[in-house]
Amino acid sequence: MPRTISIDELRDVRPLFLLRQALHALGTTPRDTRPGDVERIEAFWAFEASDQCSGGFVLGLIDGRRAYLDVWVELAENEGADPAKVDIEFTALAENQKYPRFPSTSDPPGGWRHDVDMLNDSLRR
């Protein structure tokens, strides 16, 4: 019998899903930064709708730089299938810039989260 996931567990699983999708997409694009260059997640936000989810991650890179990785995932119609589409944006952050700049002061949706232990644990695996 399948186990039911609580709302609190889903809240923790979705950012991990988004991070994995974002890092996979980062690894398939021609950029100077690769998934293995990410040393830690400093902060993140995540948002979910019925057919898509999105999030953003402030990254600390192994060379001391910092960056922001934004991801948008269009979910597949069949639960458990690979996402229909994944788009990312990767932006370097200035040395004294804590977060990326958003066009609205109400962004990011839901605000920044700093409970990053589970995300950082997944980077080490």
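**Entry 1**

I looked up Tyr68 and found a relative accessibility of 5%, so the residue counts as buried. I note here that the structure is a predicted model. In one of them, the ring centres of Tyr68 and Phe102 lie 6.0 Å apart and the planes stand at 85 degrees, so I recorded the pair as edge-to-face. Tyr68 belongs to strand 3, whereas Phe102 sits in the loop between strand 4 (85-93) and helix 2; the pair therefore ties together parts that are 34 residues apart in sequence. Phe102 has a relative accessible area of 26% and is partly exposed. I also noted that ring pairs join Tyr68, Tyr99, Phe102 and Trp112 into a cluster.

**Entry 1**

I next asked how many residues of strand 2 are buried. Ten of the ten residues in this strand (residues 52-61) are buried, so strand 2 is largely enclosed by the rest of the structure. I listed the two faces separately. On one side, Gln52, Ser54, Gly56, Val58 and Gly60 are buried; on the other, Cys53, Gly55, Phe57, Leu59 and Leu61 are buried. In general, side chains in a regular strand alternate between the two faces of the sheet.

Strand 1 (residues 38-48) runs antiparallel to strand 2, and nine bridges join the two. A hairpin of three residues leads from strand 1 to strand 2. Strand 3 is also antiparallel to strand 2, again with nine bridges. I recorded Tyr68 in strand 3 as the bridge partner of Val58. Four residues lie between strand 2 and strand 3 in their hairpin, and Gly64 in that turn has a positive phi of about 95 degrees.

**Entry 2: Arg66**

I looked up Arg66, which lies in strand 3 (residues 66-74). Its relative accessible area is 16%; the limit for a buried residue is under 20%, so Arg66 counts as buried. Which side chain makes a polar contact with that of Arg66? I found the side chain of Glu42, at 2.9 Å. Arg66 and Glu42 are 24 residues apart along the chain, and their C-alpha atoms are separated by 9.4 Å. Leaving aside residues up to four places away in sequence, I noted that Arg66 touches several others, among them Val58, Leu59, Leu93 and Lys98.

**Entry 3: Helix 2**

Lastly, I examined helix 2 (residues 117-124), where the buried residues are Leu119, Asn120 and Ser122. Seen down the helix axis, the buried residues fall within an arc of 155 degrees, so they line one face of helix 2. On the other side of helix 2, I found Asp117 and Arg124 exposed.

Technical notes:
Residues numbered from 1 in each chain as written. Predicted model: local features only at pLDDT ≥ 70, side-chain atom pairs only at ≥ 80, totals over all residues. Heavy atoms only, no water. Buried < 20%, exposed > 50% of the residue type's maximum accessible area, 1.4 Å probe, protein only. Contact = heavy atoms within 4.5 Å. Polar contact = N/O pair within 3.5 Å; in protein donor to acceptor, adjacent residues only side chain to side chain. Arc of directions from axis to C-beta. Pairing = 2+ DSSP bridges. Phe/Tyr/Trp six-rings, centres within 6.5 Å; stacked < 30°, edge-to-face > 60°.
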